[in-house]
Structures are given as C-alpha cells and as structure tokens.
Amino acid sequence: MKTKSPSRALEIAQKRLSGLQSSDINAFSDLGYGITIQNFADAVEVANQQLDNYNKLLSSLEAAKITLADTDKDLAKQSEQMLMAVALKYGKDSQYYHLAGGVRLSDRKRSKRATRQTLETSPA
C-alpha cells in the first residue's frame, strides 16, 4: 500500500512562505495581480489540510486491509472446520462431503505408477 509521504510542492511552498514572512512584510504584502502573502499562506494551509486528510485516509485503509486479512483467515479456518466436521459425521466418500465442497474418495484419480506386482506379471 502507498506510504504516507509529504508533498514536495507543499514542502517548497512552506519554505518559500517562511522566507517571505521573515522578511520585510511590506515588500511582499501585495505583488499585484491578486498575489499576496495572505493568499499564498491560505493556499499552503489548504494543501496542508488536504495532505493530512489523505494521510489519515491511508491509515484508515491500512487498518481496514489488516482487518479484512484477519477476517479472511478466520473464514478460511471456519470453512476448513466445516468440511472436516462433515467428513467426520458423514465420511469422506459421502454425497454430503461432496456437497460441502470436498472431493469424494471414490472420485479422486489414482496415480498410474507401476507397482512391483504388475511389473512381474507383465510380459516383457
């Protein structure tokens, strides 16, 4: 999952704002075209709030992901226990075992390995 990280543009803007605010305020109070330190400071604050919200959402998503993974493990465990309980009660070759999602013993494919007995009786 994506990690929480600060915005590079926000870092630059905060440094720039800090520099502008530490100098003579009258020199940069209004640069024309509606560009003011206050407007810039407001934009930096909005970006900072949005980044905080984004990082909080990432944390919530990570927590939800962990909760879902735990729930998934629990469900897999319960599913296996259900199949084992059906096998214990009705047997692994029953139709109920098959209905519960198991493969019946009689339906399993046997491997065709050559046994010692078949080798001795087969013509060479």
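1. Helices, here runs of at least four residues, and strands, runs of at least two, are assigned by DSSP and numbered from the N terminus. Read in that order, this protein follows the pattern α-α-α-α-α. There are five helices and zero strands. The model is a predicted one.

2. The protein has 124 residues, and 12% of them are buried. Its accessible surface comes to about 10600 Å², with 56% of that belonging to carbon and sulfur atoms.

3. Seven residues form the largest nonpolar core: Leu10, Ala13, Leu17, Ile37, Ala41, Val44 and Leu51. Two elements, helix H1 (8-22) and helix H3 (37-90), each give two or more residues to this core. H3 supplies the largest share, four residues.

4. Is Ala13 buried or exposed? Ala13 has a relative accessible area of 15% and counts as buried, because the cut-off for buried is under 20%. This residue sits in helix H1.

5. What does Ala13 touch, apart from neighbours within four places in sequence? Its contacts are Phe40 and Val44. Ala13 and Val44 lie 31 residues apart in sequence, yet their C-alpha atoms are 6.6 Å apart in space.

6. Val44 is also touched by Leu10. Leaving out residues up to four places away in sequence, Leu10 has Ala47, Asn48 and Leu51 as its other contacts.

7. A last point concerns contacts across the whole protein. Of those between residues at least 6 apart in sequence, 42% join residues at least 24 apart.

Terms used. Residues are numbered from 1 along each chain as its sequence is written. This is a predicted model: local features need pLDDT of at least 70, side-chain atom pairs count only at pLDDT 80 or more; totals for chains, interfaces and linings use all residues. Side-chain values use heavy atoms; hydrogens and water are left out. A nonpolar core is a set of buried Ala, Val, Leu, Ile, Met, Phe, Trp, Tyr and Cys residues joined through side-chain atoms within 4.5 Å. Buried means under 20% relative accessible area, exposed over 50%, partly exposed in between (1.4 Å probe, protein chains only). Contact means heavy atoms within 4.5 Å. Accessible areas come from the Shrake-Rupley method with a 1.4 Å probe; for residues, only the protein chains shown count as cover.
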